[in-house]
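Hi there,

Have a look at it first, then read on.

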Amino acid sequence: MTDIIIKNLPILVVICPLMMSLIVVLIPYNFLSWVITLSTTFITFIFSLLLYQEVYLHTSISYALGNWAPPLGIEYVIDKVSIVPIIIISLISFITTIFSSKIMPAEINSSSISKVYSLWLLAIAGLIGLVTTGDAFNLFVFLEISSLASVALVAMGGQKDKQGLVAAYNYLVLGAVGATLYVIGVGLLYGITGTLNLADLSKRIAEINDNKALIAGFGFMIIGIMVKAAVFPLHIWLPRAYAYAPSAVSVLLAATATKASLYILARILFSVFDISDTLIINTLQYVILPLSILAMFAGTIMAIFEKDIKRLLAHSSIAQIGYITLAFAIGTKASVAAGFIHLFNHALIKGALFMAITSMSFYINKRITINNLSGLGREMPITFVCFVICSLSLAGIPLTAGFISKLYIIKASISADGIWIAMLILASSALSVVYLWKMIEALWFHEGPKNLLIKENSLVYIPLLIITFLNIYFGLDASLVVNSSFEASEQLLGARK
Amino acid sequence: MDKNPILRIATKILFAPIILFGLYVQFHGDFGPGGGFQAGVIIASAFILYAIVFGLEKGKELFPLNINLFLLALGGILYGGVGIASMLLGEEFLSYNVLGTSNQAGQHIGILLVEFGVGLTVSNVMIALFYAFADFKTSGETK
Amino acid sequence: MISELIINAFLVSIMLGIGIALLKSRSVIYTVLLTSAYSLVAALMFISLDAVDVAFTEASVGAGISTILFLAAMAFLPREEEKNVTSQVFPAIVCLVLGGILIWCSYDLPQIGLASSPIHQHIVPEYIAGSRNDIGIPNIVTSVLASYRGYDTFGETIVVFTAGIAVLAILKNNKKEVKKLKSKKKVLDNG
Amino acid sequence: MISSSLGVWNYWVVFLLMMIGLFLVIGRKNLLKKIVGLTIFQTSVFLLYITFGKIQGGTAPILNNINNTIYSNPLPHVLILTAIVVGVATTALGLSLVLRINSEYGSIEEDDISAQDLVDYHDLIETNKNVSVKFKK
């Protein structure tokens, strides 16, 4: 039995939530459906840890689905690169499922809970499948599973606030346009190379030079993925989707959804195409680098002027995505590693911040604006101490996870002769303190409503405590994250140079 | 619409042949155009036609919602189950070779089951979609 | 060969006409019917390009089920589309850029129907041989769909399932129940 | 000469159809029209794929016992079968959202909806309450 599990680990991390989602939908008891969801995400997390161990034993695992040797069949590729997002997604989804136990029934009517948990598992499975697959078209299929499920989850916010529906609609339409552009790109590349397997594709692309369809195909693929990853000018769906989704969904999406797409972006840029190719160098330097810098500032400035807290955090996510794409755009091994470090740390930070803010809306039946925050720090000490710690982490104060990622991004940009980039990163971090301080000030230093008598629920704050602990732990001892990220970038870029 | 005898009788006459044609497309997919997906849509169309002509309530009597939901999930479970079975028999996910006595027989069994799973899910999803859309007025317009 | 191309050119011209009509029409019912016709012509086009399975699916899905869903939805929606007040220059530019890039790269795309291009030479001969020898099913599309790329089809089944569950969850929002939920919440807040 | 220009005509019309579809999605303000546009956009992409799969003098990819038959490329057909299904799933989800938006907002024009949202947002920030003002036409 263990043989079978070890042998099939790459598929089990996807199949486990996927199959359970089919079963959860049939369960009429809400509590039971939550228990099944929780155990499924836990098992998935265990599988992904086992997979981590396996990957470090074998450096790279290729799993041929249906036993058809790639490029004939579909291939799953797990290497030191793809294991990073797998661990992020499975870890966060497990913690968020604990968090959802009390929050979900409070926001969604009881007749649709089991369907929502089914969609929840589908979204998770879609994201993991997206990351593990080594086939360009299979990637599209999983992209659609995850995005349709997330759209439906966001639309569940429409039960409380009608804007959730519009948010979901925009997410759906833009996501579908992005996916279709990706399909056009894959089609053009398929038309000139005749293959869909990413490894085979990269081999055959290297033999072709100076083909206009190749450039166009690359462009469409990148734009399609950039829509899904919410890279700056294509981010318009993100703030609303995060702001009006049900609480638990906001946490899950903010921490995982864009991370998977960012990983795909890195994979297409560095592994399918060649980093030493002038096409990629030009794209990185003249497209992704300026857009990332714009994103860093635009996101932060929008966050400063925003009064609705969930939207504020969503705008800040856009800036943080900017940091990650910036690190990719510098294009050295150190900077790509820094990008992966921030990918992991940002999932922890944003997950925790959204968790703290949305757990507040659980106790107070209002939309959270900056005015509503007044004085709540003293009413809900556990939640908001965690919130402050994670804000510090977002700003990049030492001893937190956020500091580590900023440190490595800045180090990488200086060693790549980009002192001015380092300066810009510091400037944008300094600006982010403005909006974080605005919230902390309201929480702790403003007089608030008296006699709220909030008793914090342990099932709501325990997951928050876990993530906050991880934030501090990975700030003190970052060796695990840093080593895995450097191994990842070594494998991603090393094979080509 | 349920007053019109021509429509009612035509529907009653057509109902069985449509399902029969759906099953033909389902199981003939190995030899000609067709397969689980097209068959699913055709079978769904028979139930949708019935619901349009005789009214939604009659349609739900013919094909109740809870059975619909169950079959909807069952198709996917069947498909995944074939994959898991081949995994338990020591091969990769969805490798049908181990399912039969010879490789070809295994492939035949696998493809048959898998296509059936697709047909089941697709037909039930289409029926469920139609029910949900047609039923929208009674639940949504209550404000 | 020429006759095939003439038929294709005729069909795409019809599709272009439908597309232009869609751009002009403001009535929702015309829009829905034109979309249905568009799918039907696309299905004919697929037949003339030898994709019989795709044609079958497009006819049953694009022209069949989608139209039913559109009509079912239309019963609750306004019948006329309003005139746009905002400028449409930016969207038009985006579309022209898309078309421009595609036309620019179309010279480097393989010529239609050329049997020696890599798309027909890599992998595909193995599918054709394998379908006869390893799988033993005459319809190559079925054998690729269900066996070689069976996992894609599994994903596709899951996509359909997701859409079904999603629509059920979105449309089955009983207002009364939400109100009950809110009042329950208030009790929870106070006590 | 005629055949090559007809071939180019096919490619170009497919591109034009894509442009029309994309324009309907991003240029129109009616939510239903956007979904129609998405269908047109996707169907045109399907045509592009199937055009790639055509082989001169080939037949449909169903095996027969005649020697030296040329079969058209089955792989794009498989991909597009999957893509059609994904397309109808997207359409259904989009339509259900449009229905709900119409019953909540009383309109499916983007401008009306964003105007109502703006009022709501303003109320939220200024009066600190969740008042939703509904103006129906």
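Below is what was found, chain by chain, with a few single residues along the way.

Before anything else, please keep in mind that this is a predicted model.

**Chain A as a whole**

Let's begin with chain A, which has 20 helices and two strands.

**A helix to find in chain A**

Next, find helix H7 of chain A, which covers residues 163-193. Its 31 residues, at 1.5 Å each, should span 45 Å, and the end C-alpha atoms are 44 Å apart, which agrees. Is H7(A) enclosed or open? Here 31 of the 31 residues are buried, so this helix is largely enclosed by the rest of the structure. Just after H7(A) comes A:Gly194, which has a positive phi of about 80°.

**Two helices side by side**

Now move on to helix H13 (residues 309-330) and helix H14 (residues 333-363), both of chain A. They pack at an angle of about 170°, and their axes are 8 Å apart. Angles over 145 degrees count as roughly antiparallel, and H13(A) and H14(A) are therefore roughly antiparallel to each other. On the H13(A) side, the residues that make the contact include A:Leu313, A:Tyr323 and A:Phe328, while those of H14(A) include A:His342, A:Leu353 and A:Phe354. Sorted by class, this contact has 13 nonpolar, six polar and two charged residues.

A:Pro70 and A:Pro71 are joined by a cis peptide bond, with omega at about 5°. You will find A:Pro71 in the loop between strand S1 (60-64) and strand S2 (75-79) of chain A.

A:Ala230 is a residue other than glycine with a positive phi, near 60°. Its place is the loop between helix H9 (212-229) and helix H10 (238-244) of chain A. Is A:Ala230 buried or exposed? It has 26 C-beta neighbours inside 10 Å and so counts as buried.

Chain B has a residue of this kind as well: B:Leu94 is not a glycine, yet its phi is positive, at about 65°. B:Leu94 lies in the loop between helix H4 (65-88) and helix H5 (103-134) of chain B. With 29 other C-beta atoms within 10 Å, B:Leu94 is buried.

**Chain C**

Chain C has nine helices and zero strands. Of its 191 residues, 47% count as buried. Among contacts in chain C between residues at least 6 apart in sequence, 45% join residues at least 24 apart.

**Where chain D meets its neighbours**

How many residues of chain D are in contact with chain C? There are 72 of them, and they meet 83 residues of chain C. Helix H1 (2-27), helix H2 (31-53) and helix H3 (74-105) of chain D each supply at least two residues to this side of chain D. H3(D) gives the most, with 22 residues. By class, the side of chain D that touches chain C has 47 nonpolar, 19 polar and six charged residues.

D:Val78 counts as buried, because it has 28 C-beta neighbours inside 10 Å. Leaving aside residues up to four places away in sequence, D:Val78 touches C:Val141, C:Val144, C:Leu145 and C:Arg149. The C-alpha atoms of D:Val78 and D:Val8, which are 70 residues apart along the chain, are separated by 25 Å.

Chain D also touches chain B, in a contact that takes seven residues from chain D and six residues from chain B. The chain D side of that contact divides into five nonpolar, one polar and one charged.

Enjoy exploring the model, and write back with any questions.

Best wishes

Definitions and conventions:
Residues are numbered from 1 along each chain as its sequence is written. Chains are lettered from A and ligands numbered from 1 in the order in which they are written. This is a predicted model: local features need pLDDT of at least 70, side-chain atom pairs count only at pLDDT 80 or more; totals for chains, interfaces and linings use all residues. Axes are lines fitted to C-alpha atoms, for helices over the stretch in contact, and angles run from 0 to 180 degrees between N-to-C directions. Helices (H or I, at least four residues) and strands (E, at least two) are DSSP runs, numbered from the N terminus. Angles under 35 degrees count as roughly parallel, over 145 as roughly antiparallel, 65 to 115 as roughly perpendicular and the rest as oblique. Two residues are in contact if their C-beta atoms, placed from the backbone, lie within 7 Å. Ala, Val, Leu, Ile, Met, Phe, Trp, Tyr, Cys and Pro count as nonpolar, Asp, Glu, Lys and Arg as charged, and the others, Gly among them, as polar. The expected span of a helix is 1.5 Å times one less than its number of residues. A residue is buried if 20 or more other C-beta atoms lie within 10 Å of its own, exposed if 12 or fewer, and partly exposed in between; C-beta atoms are placed from the backbone.
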